[in-house]
Amino acid sequence: MPAPKNAMEIYQHLDKSNCRECGEKTCLAFAGSVYTGHRKIRDCPKLDQEIIRRLSGESAKQKTIEESRYEYLEILKKEISNIDLADAAKKIGADFKNGKLKLKVLGKDFSVDGTGQISTSIHVNAWVAVPFLNYVLNGKGLSPSGNWKSFRELKDGKEFYPLFRKRCEEPIKQIADKYTDLFDDLVHIFNGQKVKEQFEADISVVLHPLPKVPIMISYWLPEEGLGSSLNLFFDDTADKNLHINAIYTLGAGLTQMFEKISLRHGSFNHEP
Ligand code: SF4
């Protein structure tokens, strides 16, 4: 069987009951995640082994991650058009006015209308738009508990951690090592807050990429032959408000933004 050309080809094989046993809200969302390589077809318990065998590994291999991400964004927009936005706003504690759901992303207003169109005063990249829409679709609206966890400690975090380390923590550490104003800029540009000693780090900044999904970036300066290190921490409610894929995407989106800022300031020569 040739590789599926799009998520709809995967969707055709699904049960279409939207039973949520796979952890996604709908079969269409699951098809989108499989197509973009974020979920495995075997995660749907309703498929028979023959279909799993035929579809396994046949995801969007020829596409770049960026292309897949934009395709997934289109699927999420479609999903938005099928929900009651006013109800979703109530659930996640967002504002709802003139047919638009509005909440703060990194301190800036982000709105989505009933057709899934996003409006904001900052540049929308798919890495941030995807978790934003995921949060609107699936967020539980749980308030942060104030207890921090590493990515690895989140539900299913272990499996994704090597990728998260490579795409998020390592590049941010490289920026922090060379671009000394990074943490001040995070505070000023993204409405971050410097917080007191956490995990004995030298610097810790808390950002709110989504109102109820704070991220803490902690940085340890090099000392006595030891290199610097940097870790991202999440509130222990994060994996209840967002699927681990969306949390990873959020981290990758932030990393891209930090890279752009550091390049714009001309003080960092990083090849993204
Ligand atoms: S478990 Fe399968 S049938 Fe149920 S929602 Fe997920 S994809 Fe659909």
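The entries go from the whole chain down to single residues.

**Ground rules.** I'm working from a predicted model, where local features need pLDDT of at least 70, side-chain atom pairs count only at pLDDT 80 or more, and totals for chains, interfaces and linings use all residues. I number residues from 1 along each chain as its sequence is written, and side-chain values use heavy atoms, with hydrogens and water left out.

**Overall.** I counted 10 helices and nine strands. These are DSSP runs numbered from the N terminus: helices are H or I with at least four residues, strands are E with at least two. The protein has 272 residues, and 48% of them count as buried. For burial I use relative accessible area: buried is under 20%, exposed is over 50%, and partly exposed is in between (1.4 Å probe, protein chains only). The protein exposes about 13500 Å², with carbon and sulfur atoms supplying 49% of that; the areas come from the Shrake-Rupley method with a 1.4 Å probe, and for residues only the protein chains shown count as cover. I also checked contacts, meaning heavy atoms within 4.5 Å. Taking those between residues at least 6 apart in sequence, 59% join residues at least 24 apart.

**Cores.** Which residues touch the most other members of the largest nonpolar core? They are Leu101, Phe132, Phe151, Ile217 and Phe258, in a core of 62 residues. A core here is a set of buried Ala, Val, Leu, Ile, Met, Phe, Trp, Tyr and Cys residues joined through side-chain atoms within 4.5 Å. I listed the contacts of Leu101, leaving aside neighbours within four places in sequence: among them are Leu85, Ile92, Phe96, Phe110, Val112 and Val136. Asp95 and Ser111 are also on the Leu101 list. Apart from that core lies another one of 17 residues, including Leu28, Tyr35, Ile41 and Ile75.

**Aromatics.** I found seven aromatic pairs. Rings of Phe, Tyr and Trp (its six-membered ring) pair if their centres lie within 6.5 Å; planes under 30 degrees apart are stacked, over 60 edge-to-face, and the rest tilted. Why does the pair of Phe151 and Phe164 count as stacked? Because the ring centres are 4.0 Å apart and the planes sit at 5°. This pair links distant parts of the chain: Phe151 is in the loop between strand S5 (148–150) and helix H7 (157–178), while Phe164 is in helix H7, 13 residues apart. Phe151 is buried at 0% relative accessible area, and Phe164 is buried at 0% too.

Next I looked at Phe183 and Tyr219, a tilted pair with 5.6 Å centre to centre and 35° between the planes. Phe183 sits in helix H8 (residues 182–189) and Tyr219 in strand S8 (residues 213–220), 36 residues apart. Phe183 is buried at 4%, and Tyr219 is buried at 4%. Ring pairs also join Phe151, Tyr161, Phe164 and Phe234 into a cluster.

**Charges over rings.** Here I want NZ of Lys or CZ of Arg within 6 Å of the ring centre and within 35 degrees of the ring normal. Arg152 lies over the face of Tyr161, 4.4 Å from the ring centre. Lys16 lies over the face of Tyr11 at 5.3 Å.

**Cysteines.** How many disulfides does a search of the whole structure find? I got zero, using cysteine sulfur atoms within 2.5 Å as the test. Cys19 is partly exposed at 33%, whereas Cys168 is buried at 0%.

Asn245 is in helix H10 (residues 244–264) and is buried at 8%. Not counting residues up to four places away in sequence, Asn245 touches His38, Arg39 and Phe160. Asp239 is in helix H9 (residues 238–241) and is buried at 18%. Leaving aside neighbours within four places, Asp239 contacts Leu154, Lys155 and Ile247.

**Positive phi.** Asn98 has a phi near 50°, positive in a residue other than glycine. Asn98 lies in the loop between strand S1 (95–97) and strand S2 (100–105) and is exposed at 75%. Glu224, also not a glycine, has a positive phi of about 40°. Glu224 is in the loop between S8 and strand S9 (229–235) and is exposed at 78%.
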